Amino acid sequence: MNKKFIYVIIILVILIGACVWEQVMVNNYLSNIKEKVYNLTEFVKDKTDINSKQMYDLVVDLDDTWERYEEKLCFLVNHKEIADLGVELTKMKIYVVENNVTEFKASLAQVLYYAEGYEHVMGITLQNLL
Amino acid sequence: MLTLIIRATIIYLLVLVVFRLMGKRQIGQMQPFELVLTLVIADLATIPMTETSVPIIHGVVPLITLVVVHFFLTFFSKKSNKVGEFINGKPIVIMNPNGVDYKSLKELDITIDDLFEAIRSAGYFSLEEVQYAIMETNGTVNVLPKSAFSPVVNKDLNIHLEESNLPVTLVSEGNLMKENLLISGLKEEDVKNIIKNAKIKSLKDVLVATIDKTGNVYIQEKNKPFQMLKYQYNGGNLT
């Protein structure tokens, strides 16, 4: 077996390893975000007043988590493609301060939609392959 | 801007590695799919180099994937003639002793003018001079002339000459080639003596110095004409 063959096999193994790691990481991150959004949705479901410290902290926690994940996801996807979720989270903080429940719920739905969309874009699906 | 500089450097180094892994073929020697691959690599490299919102990995992964696929394609085409033929095609005879093979010309989609151009590149200006012309898989045309038009070589004239040998470079642009010293069996002292005999002040002033098996030394000082020196050399001792 020549040297070049060994190099290519090493590269191939690294590539496959990186692909598996990427999928696991993306799934983990987006599942976490989705879970947090579901919890938040459940929490505000029947609420008419969202202007509370607890709510603000929950949104800040979601935003911080996303920022942490986004930093890593930026190594893998176009930064512009995943910027929208962060924008929506910033808006949500304002909606809490302004006590705008309708917009807050709409933003939550939007964040969920983005997270699912990213999952779809970054995942290995037939639509992405072809 | 620093980001762009760093990105460009990374991509440059990667493309360098990619081309080293792909081999040293020149454009004219490439198979058609290799040429396409080279163009694709060039295109892939430019996107993450200039677009900072695109992760560099978007350029790196496709580049590496192409190298891996190319390697396996080449590997299997070497292992199996059928795979090789499928990927590279096979050489086609476009001229034979009966003249131009029109069927082959049509198959290759080349005109008589293209054929003329190809045989002129091979050094023949008349179709009459050509016995065989073969279109190789990389698109070059190789010509076998008719005996009457083939150039005379030493063998035809029964001239026996000593086999030519490859000279070893001892000094290149003022640098002593230590690896070549080992090959030639010479010592640093020998090179210094050669330089001294050539009346060159120091090693740094030498543009190039080579020695062949028969002891012929070609030495040239920077901005000066070259000199030929003759030594008794038996692959180790220089006198």
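Before the first selection, a word on axes: they are lines fitted to C-alpha atoms, for helices over the stretch in contact, and the angles run from 0 to 180 degrees between N-to-C directions. Helices here are DSSP runs of H or I with at least four residues, strands are runs of E with at least two, and both are numbered from the N terminus. This is a predicted model, in which local features need pLDDT of at least 70 and side-chain atom pairs count only at pLDDT 80 or more, while totals for chains, interfaces and linings use all residues. Residues are numbered from 1 along each chain as its sequence is written, and chains are lettered from A and ligands numbered from 1 in the order in which they are written.

**Stop 1**

Select residues 2-22 and 32-50 of chain B. These are helix 1 and helix 2, whose axes come within 9 Å and cross at roughly 160 degrees. That makes the two helices of chain B roughly antiparallel (the label for angles over 145 degrees; under 35 is roughly parallel, 65 to 115 roughly perpendicular, and the rest oblique).

Now show side chains. B:Arg7, B:Ala8, B:Ile11, B:Val15 and B:Val18 of helix 1 meet B:Ile41, B:Ala45, B:Pro48 and B:Met49 of helix 2, where contact means C-beta atoms, placed from the backbone, within 7 Å. By class, this contact has 8 nonpolar, no polar and 1 charged residues. The classes work like this: Ala, Val, Leu, Ile, Met, Phe, Trp, Tyr, Cys and Pro are nonpolar, Asp, Glu, Lys and Arg are charged, and the others, Gly among them, are polar.

**Stop 2: across to chain A**

Colour by chain. How many residues of chain B are in contact with chain A? There are 9, and they touch 12 residues of chain A. Select residues 57-79 of chain B, which form helix 3: this helix gives the largest share of chain B's side, 5 residues. That side of chain B has 7 nonpolar, 2 polar and no charged residues.

**Stop 3: inside chain A**

Chain A has 5 helices and 0 strands, and buried residues make up 22% of its 130 residues (buried means 20 or more other C-beta atoms within 10 Å of the residue's own, exposed means 12 or fewer, and partly exposed is in between, with C-beta atoms placed from the backbone). Among contacts in chain A with a separation of 6 or more, 72% are between residues 24 or more positions apart.

Select residues 83-98 and 101-122 of chain A, helix 3 and helix 4. Their axes come within 9 Å and cross at roughly 160 degrees, so helix 3 and helix 4 of chain A are roughly antiparallel. The crossing of these two helices of chain A is left-handed. Residues making the contact include A:Leu85, A:Leu89 and A:Met92 of helix 3 and A:Phe104, A:Val111 and A:Tyr114 of helix 4. By class, the contact between these helices of chain A has 9 nonpolar, 2 polar and 4 charged residues.

**Stop 4: a sheet in chain B**

Bring chain B back. An open sheet of 4 strands has the order 2-1-3-4, with antiparallel pairing. Strand 2 (99-100) and strand 4 (141-145) of chain B stand at the edges, each with a single partner strand, so one side of each has no neighbour in the sheet. Pairing takes at least two DSSP bridges between two strands.

- Strand 1 and strand 2 of chain B form a hairpin with 2 residues between them; B:Asn96 stands opposite B:Gly99.
- Strand 1 (residues 92-96) and strand 3 of chain B are joined by 3 bridges, and B:Met95 has B:Ala133 as a bridge partner.
- Strand 3 (residues 130-135) and strand 4 of chain B are joined by 5 bridges; B:Tyr132 partners B:Leu144.

**Stop 5: two last selections**

Select residues 81-88 of chain B. Is this helix 4 buried or in the open? Of its 8 residues, 0 are buried, so helix 4 of chain B lies largely in the open. Just after that helix, B:Gly89 takes a positive phi of about 80 degrees.

Finish on B:Leu238, in the segment after strand 9 (226-230) of chain B. B:Leu238 is buried, with 20 other C-beta atoms within 10 Å. Leaving aside neighbours within four places in sequence, B:Leu238 is in contact with B:Leu186, B:Asp190, B:Tyr231 and B:Tyr233.

Technical notes: Two residues are in contact if their C-beta atoms, placed from the backbone, lie within 7 Å. A crossing is left-handed if the near helix is turned anticlockwise from the far one by less than a right angle, and right-handed if clockwise.
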